[in-house]
Amino acid sequence: MNEFEPRIFSGVQPTGNLHLGNYLGAIKRWVALQTSYPCIYCAVDLHAITMWQEPAQLERSTREVTAALLAAGIDAKTHILFNQSRVHQHAELAWVINCVARMGWLNRMTQFKDKAGKDRENASVGLFTYPDLMAADILLYRATHVPVGEDQKQHLELTRDVAQKFNNDFGSRIAELGLGVPMQVGETKVDGYFPLTEPLIGGPATRVMSLRDGSKKMSKSDPSDLSRINLTDDADQISKKIRKAKTDPDALPSEVAGLAGRPEADNLVGIYAGLAEASKEAVLSEHGGRPFSDFKPALADLAVEKLAPIADEMRRILADPAEIDRTLDAGAARAAEIAGRTMADVKRIVGLLA
């Protein structure tokens, strides 16, 4: 176990309306983690521009994401909340990491293959090196833990590879400068500058699927608005979307094993569990054997209870964009204090005169 000061880092892309999947898979967990760790949360606008973004919309989306995080319970006074591009050391450390990471590592990243599709020669270089920037985001704050979904695990593994290679490549220099921290790597105790960041993966609804197709992840890019519950939806919209959610003709099973091969049922039970902070077993213990005509109203009531207040608070926050900008600016100033120290150390370690 490394002996770095415990610290959480995580980021969300400001690329359009946040939805229930973002809330259950990330934001709700971010709020809970504030009671156990010092947290740094970030709207990763530099990541967003790896794909084309309409500039004015990106500005709006960055404020909207910030409003959603604040409305959901992120405490920007106790913890740190900012947008990535306000802290220039993210891009600066990303270049150093570009020079540490190997092409073979990036070539194995499945998310690039998925996003680039068949026309990968026309994809931006930024999209290809996206995992290096993500590693920089995390290592800039020497974060010990990152809450990630299953689709980001590979990127966090690359972050650990980068940290370990940097520590190995510059080990003697790190020791010479007295900048190392005792840590355990396998059976070996070493001094390292960067921690081997651990993933935090958990919860009953870390991967929320489309309400129209249980085999596809809930997505803001789905052409059907009925496929997702947006965090800006009001109570009537939330209820309507759950009523219209795709199901199968059978009643809910009494045990989790009975959800196998029933993706839509599994998804709705998972959503209920995530909102209720319960296990799927507990949900089925209460609702198993009941038809969806009984379960959907119960789920709709729960979703409205949990989500409608967030939407109301978001609207209140968004009415004052100048205050959102002040919050981001204050968070960036605090983040830059940490980032500046890290980058100064990295320059000394690597041999860059500053």
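Aspartate 137 is found in helix H8 (residues 130-139); helices (H or I, at least four residues) and strands (E, at least two) are DSSP runs, numbered from the N terminus. The model is predicted, so that local features need pLDDT of at least 70 and side-chain atom pairs count only at pLDDT 80 or more, while totals for chains, interfaces and linings use all residues. Residues are numbered from 1 along each chain as its sequence is written, and side-chain values use heavy atoms, with hydrogens and water left out.

With a relative accessible area of 2%, aspartate 137 is buried (buried means under 20% relative accessible area, exposed over 50%, and partly exposed in between, with a 1.4 Å probe and protein chains only). Leaving aside neighbours within four places in sequence, aspartate 137 is in contact with Phe9, Val44, His47, Gln84 and His90, where contact means heavy atoms within 4.5 Å. The side chain of aspartate 137 also makes a polar contact with the side chain of glutamine 84, at 2.9 Å. A polar contact is a pair of N or O atoms within 3.5 Å; within protein, one must be able to donate a hydrogen and the other to accept it, and residues adjacent in sequence count only if both atoms are side-chain atoms. In the unreviewed UniProt entry, the annotation "binding site" covers Asp137; UniProt positions are given in the numbering used here, feature names are shortened, and annotations may be inferred rather than shown by experiment.

Phe9, one of the contacts of aspartate 137, has isoleucine 40 as its bridge partner in S2. Strand S1 (residues 8-12) pairs with S2 in the parallel sense over 5 bridges; two strands pair if DSSP finds at least two bridges between them. S2 also runs parallel to strand S3 (residues 80-83), to which 4 bridges join it. Isoleucine 40 has isoleucine 80 as its bridge partner in S3. Strand S2 (residues 39-43) is largely enclosed by the rest of the structure, because 5 of its 5 residues are buried. In a regular strand the side chains alternate between the two faces of the sheet. In S2, Cys39, Tyr41 and Ala43 point one way and Ile40 and Cys42 the other way, and all are buried.

S1, helix H1 (residues 20-33) and S2 make a right-handed β-α-β unit. A crossover is right-handed if, with the strands pointing away from the viewer, the path from the first strand over the helix to the second runs clockwise. Asparagine 22 lies in helix H1 and counts as buried, at 19% relative accessibility. The side chain of asparagine 22 reaches the backbone nitrogen of histidine 19 at 2.9 Å. Beyond its neighbours within four places in sequence, asparagine 22 is in contact with Asn17 and Ile27.

Glutamine 154 is placed in helix H9 (residues 153-169) and counts as partly exposed, at 23% relative accessibility. The side chain of glutamine 154 reaches the backbone oxygen of arginine 108 at 2.9 Å. Not counting residues up to four places away in sequence, glutamine 154 touches Arg108, Met109, Thr110 and Gln111. Glutamine 154 and glutamate 281 are 127 residues apart in sequence and 29 Å apart in space, C-alpha to C-alpha.

Backbone angles were also examined. Most residues other than glycine have a negative phi, and most peptide bonds are trans. Arginine 142, a residue other than glycine, has a positive phi, near 50 degrees. Arginine 142 is placed in the loop between H8 and strand S4 (145-147) and is buried, with a relative accessible area of 19%. Glutamate 277 likewise has a positive phi, near 55 degrees. Glutamate 277 is found in the loop between helix H12 (263-276) and helix H13 (280-287) and is exposed, with a relative accessible area of 63%.

The secondary structure of the protein chain comes to 15 helices and 7 strands. The radius of gyration of the chain is 22 Å, close to the 20 Å that the globule rule gives for 354 residues, so the chain is as compact as a globular protein of that length. The radius of gyration is taken over C-alpha atoms, and the globule rule is 2.2 Å times the number of residues to the power 0.38. Along the principal axes, the C-alpha atoms of the protein chain fill a box of roughly 70 × 50 × 45 Å. Of the 354 residues of the chain, 49% count as buried. Among contacts in the chain with a separation of 6 or more, 76% are accounted for by residues 24 or more positions apart.
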